[in-house]
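Student: Here is the structure I would like to go through. I want to know what stands behind each label.

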Amino acid sequence: MSFEVFALGTGGMQPLPGRFLTSAMVRREGELFLFDCGEGTQVSLKMLDLHWKKIDRIFISHMHADHVTGLPGILMLSSQVDRESPLTIFGPPKLAEYVESSRRILDMYINYEIIVKPVSEGVIVDEPEYTVSAFRLEHTKPCWGYVLQEKMRPGAFHPEAANAAGVPVGPMWGQLQKGQSVTLPDGKVVTPDEVMGPPRKGRKFSYVTDTLYLPGIADFVKDSDLLLCEGMFTADLEETAREKKHMTSAQAGMIARDAHVKKMGLLHYSPRYSNGELKNLARDARAIFPDTILTRDRMSFDIPLED
């Protein structure tokens, strides 16, 4: 079962050569989820050969230009194919006005349904195998962080236990693996817990950008397999970060450490830092959380299942 994360753009405020504005894509079992849609998103999608036409849902953190300027292009591009399913976009209340005004002023040809849903705290998508949750951040505009988390999976199936219980190889094995009890020809009932191990946790991806450092963020992103988190400034500019309601990379490291995440990828870098200077952001974060990646545009992360 595949679960991949692609950093489409890692810059904040201003696009730079080789550093587009903030955006990330999750590809899970063929479904595509886009988190923010900054300028340059379409270019990275093309370079990575990601099938943008299959984007199922878009999650916008907040209504600042560096997070939404790529959205009109994505909406228009999707009209160039025979899209049958609706596109659902989640975000702050102003998002619906932005989408509607863009359609009207640009006279967009849209041949599919666009559903814009205002975000509230808690679970905003609930599917059989996963959920997407939103939580409040603190920025100069209403801002949201997001968590995509797979639900618990059935435990590992033990064929030797099924054989010992007298379950013949065939459809009954499949029923047990789906959590269903089976009745043998002699009337004996075999339950899933007799032939399967304990439930196994799914994977968790968290996305946090454009916020003051809030210790409580760690509670929402706890135990993430991958946390993409803004690290806009070096530690020496903590006062600047506070004034602009952003975080330093060191503060991102504190969140990752306190949340016991497996890996953190930094993003949303200030344009004041050249590509060579970005190493200083990584240095500050790694001093607190060693498993920090200095994320670059079009970098990908594969999140495997735990056995």
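Student: What volume does the largest pocket have?

Tutor: The largest pocket has about 210 Å³. This is a predicted model, in which local features need pLDDT of at least 70, side-chain atom pairs count only at pLDDT 80 or more, and totals for chains, interfaces and linings use all residues. Residues are numbered from 1 along each chain as its sequence is written, and side-chain values use heavy atoms, with hydrogens and water left out.

Student: What makes a region a pocket, and what is its volume?

Tutor: On a 1 Å grid over the protein atoms alone, a pocket is an open set of points with protein on both sides within 12 Å along at least five of seven lines, whereas a cavity is a set where a 1.4 Å probe fits but cannot get out. Grid points are joined across faces, edges and corners, and the volume is the space filled by probe spheres set on the points.

Student: Which residues of the lining lie nearest the centre of the largest pocket?

Tutor: Met-1, Glu-129, Met-152, Arg-153 and Pro-154 do, out of 13 lining residues; a lining residue has an atom within 4 Å of a point. By class, the lining holds five nonpolar, two polar and six charged residues. Ala, Val, Leu, Ile, Met, Phe, Trp, Tyr, Cys and Pro count as nonpolar, Asp, Glu, Lys and Arg as charged, and the others, Gly among them, as polar.

Student: How does the lining of the second largest pocket divide by class?

Tutor: Into three nonpolar, five polar and four charged residues. Among the residues there are His-64, Asp-66, His-139, Lys-244 and Arg-272. The second largest pocket holds about 160 Å³.

Student: What makes S13 and S14 a pair of strands?

Tutor: Two strands pair if DSSP finds at least two bridges between them. Strand S13 (residues 226–230) and strand S14 (residues 264–267) have four bridges, in the parallel sense, so they pair. Strands (E, at least two residues) and helices (H or I, at least four) are DSSP runs, numbered from the N terminus.

Student: Why is Lys-245 called partly exposed?

Tutor: Buried means under 20% relative accessible area, exposed over 50%, and partly exposed in between, with a 1.4 Å probe and protein chains only. Lys-245 has 27% relative accessibility, so it counts as partly exposed. Lys-245 sits in the loop between helix H8 (238–244) and H9, and its phi is near 60 degrees, a positive value in a residue other than glycine.

Student: Why does His-260 count as exposed?

Tutor: Because its relative accessibility is 53%. His-260 is in the loop between H9 and S14, and it too is not a glycine, yet has a positive phi of about 55 degrees.
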